[in-house]
Amino acid sequence: MSQLWTGQELLVATAGRPLGRLPENVTGISIDSRSLKPGEAFFAIKGDRVDGHDFASSAMGAGAGLLVVAEAKLPALGRLAMPMIVVPDVLEAMVAVGIAARARSKAKIIAVTGSAGKTTTKELLRVALAPSGKVHASDRSFNNHWGVPLSLARMPADTDYAIFEIGMNHAGEIRPLVRMVRPHVAIVTLIAAAHLGHFKNLDEIADAKAEIFEGVEKDGNALINRDDERWKLLEKKASAVGIEYVWGFGEHSRAQFKLVDFAPGEGGSTFTARIAGKDHAVTLAAPGRHMARNALAALGAASLTGADVDKAAAMLASFAPDAGRGRKHRLRHPRGTFTLIDESYNANPASMRAAFELLAATPVGKNGRRIAVLGDMLELGDHSAKLHAGLAEPLAAAGVDKVLLGGPEMAVLDGKLRETMAVEYLPSVDELEPAVLSAVRPGDVLMIKSSNGIGFARIVQALLRQFPAAAGERRAAATKERGDHQHAHDAG
Ligand SMILES: Nc1ncnc2c1ncn2[C@@H]1O[C@H](COP(=O)(O)OP(=O)(O)O)[C@@H](O)[C@H]1O
Ligand SMILES: [Mg+2]
């Protein structure tokens, strides 16, 4: 592995105390001994459930080249015969390394926030910018108080483009993170009732997301969803902190990065992206109008950072959504094939509506039906019942034939749908799973969506076990974003 830092550079950045001979070549930054690769520096940060110091010897066993540990924890570590940097606080040390990474970087920096579509937009940018230079991006949804500094600390010195996801559960959380990132372009994907539990209304959420503008570099850009109801509020906030260049992406006639002629197709969509007066024909291998919107945000940011937009637009055809975020599978039933749309990673009122639209746009086979398997949207606080009941209308509009519901919050939607639709309510995943397996028939399109915490990924896994992939279908890799036991990293 190539060098990311020298031990000496980390010592200077953290202003720590060295123990032993610091390595010349540090190949990476790790906070999890299970995924640590030889030569990396292990930062023993305290997670929600465990303390990294308890894994110092595992990190050593996994081949760590350096440990960064807290002074107070040093006596308890015993005699680990390996180089260390001892600091007052390990998270603060990691923040310092993140700031040092930003300080040495000549990269064009893009920050992404919003109530949905952050990870997707970040991953679209990772793909789209690849032909224009060396790209670095946050891992998974590493978007919180430790995810952002970790992602920064991992940025190689020779990066040309870097994309960082920034999330929040409370007001005030984005501000310190974006001040570390100092983006040239700050994207707000959309404002919706995600994590509304901690907020009175959507305006308050927009205010909290708008903190992202406070870290934008001089002469930098704000890139905001032009179709969002809070566009004006966000635009004002961006201007108020002195951002001169505020841009819109979307379908609105005034959007500078404009989505036109959207046409859904099998397994994806085609559309035109009008960027700086030039039309780009885009084929996106990820289905749904919301994905096209994310793509416009990505192409807008590509344009604003001086990347090759022609190549960026062409690259989008090779993007494939992650498990749980709209990935489509064609599966073999004993008597034909059916389509499974896996949306099991995340759900809020906006992404539910996007998913219904996607379900409506997906063609069914002969005698096939559109079936929605829906679980709770979490963290909606006092608004929860109303927002769950509010799904009835868009569900009906999407021409859904059958609905299977699970999770305590979905009971209200069950009540609302009873008169108008074929609906089954089974409170737990254990009860719902066999019902889904036996409900599906050839020709159907089955869409599974819930907040990750509800566990609907298990229903997806059960379907993938029971029904083999149809001919010509590449079996997707197992879900990759569910295994972070040590640290919860995903804020909205
Ligand atoms: N622009 C969008 N509008 C509405 N829903 C979206 C949008 N982009 C993605 N989604 C949906 O939101 C869910 C989470 O997407 P993701 O990109 O992981 O968002 P985040 O990182 O903000 O949590 C997925 O189910 C996806 O289909
Ligand atoms: Mg995310």
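Let me begin with one residue, Leu234, which is buried, with 23 other C-beta atoms within 10 Å. By buried I mean that 20 or more other C-beta atoms lie within 10 Å of the residue's own; exposed means 12 or fewer, partly exposed is in between, and C-beta atoms are placed from the backbone. Please note that this is a predicted model, in which local features need pLDDT of at least 70 and side-chain atom pairs count only at pLDDT 80 or more, while totals for chains, interfaces and linings use all residues. Residues are numbered from 1 along each chain as its sequence is written, and chains are lettered from A and ligands numbered from 1 in the order in which they are written.

Leu234 belongs to helix 8, residues 231-240. Helices (H or I, at least four residues) and strands (E, at least two) are DSSP runs, numbered from the N terminus. Beyond its neighbours within four places in sequence, Leu234 is in contact with Val188, Ala206, Ala210 and Ile224; contact here means C-beta atoms, placed from the backbone, within 7 Å. Val97, by comparison, is 137 residues from Leu234 in sequence, and their C-alpha atoms are 31 Å apart in space.

I turn next to helix 7. Which residues of helix 7 are buried? In this helix, residues 202-209, they are Ile205, Ala206, Ala208 and Lys209. Viewed down the helix axis, these buried residues fall within an arc of 160°, so they line one face of helix 7. The arc is that of the directions from the helix axis to the C-beta atoms. The partners against which they pack are strand 6 (108-113), helix 6 (174-181), strand 9 (185-188) and helix 8.

Two loop residues deserve mention. Asp219 sits in the loop between helix 7 and strand 10 (221-225), and Ala276 in the loop between strand 13 (268-275) and strand 14 (278-284). Most residues other than glycine have a negative phi. Phi of Asp219, however, is near 65°, a positive value, and that of Ala276 is near 50°, also positive. Asp219 counts as exposed, with 9 C-beta neighbours inside 10 Å; Ala276 counts as exposed with 11.

Now to the chain as a whole. It has 16 helices and 20 strands. Its radius of gyration is 23 Å, close to the 23 Å that the globule rule gives for 492 residues, so the chain is as compact as a globular protein of that length. That radius is taken over C-alpha atoms, and the rule is 2.2 Å times the number of residues to the power 0.38. The C-alpha trace spans about 70 × 50 × 45 Å along its principal axes. Of the 492 residues, 53% are buried. Among contacts with a separation of 6 or more, 69% join residues 24 or more positions apart.

The domain assignment gives domain 1 (7-89), domain 2 (105-318) and domain 3 (327-466); such bounds come from an automatic or database assignment. The C-alpha centres of domain 1 and domain 3 lie 45 Å apart.

Finally, where does ligand 1 lie? Domain 2 and domain 3 both give residues to its shell, so ligand 1 lies between them. Of the 20 residues around ligand 1, Gly117, Lys118, Thr119, Thr120 and Ser351 come nearest, where a residue is near if its C-beta atom, placed from the backbone, lies within 6 Å. Helix 4 (118-129), helix 9 (289-304) and helix 11 (349-361) each supply at least two residues of this shell.

Note on methods. Contact = placed C-beta atoms within 7 Å.
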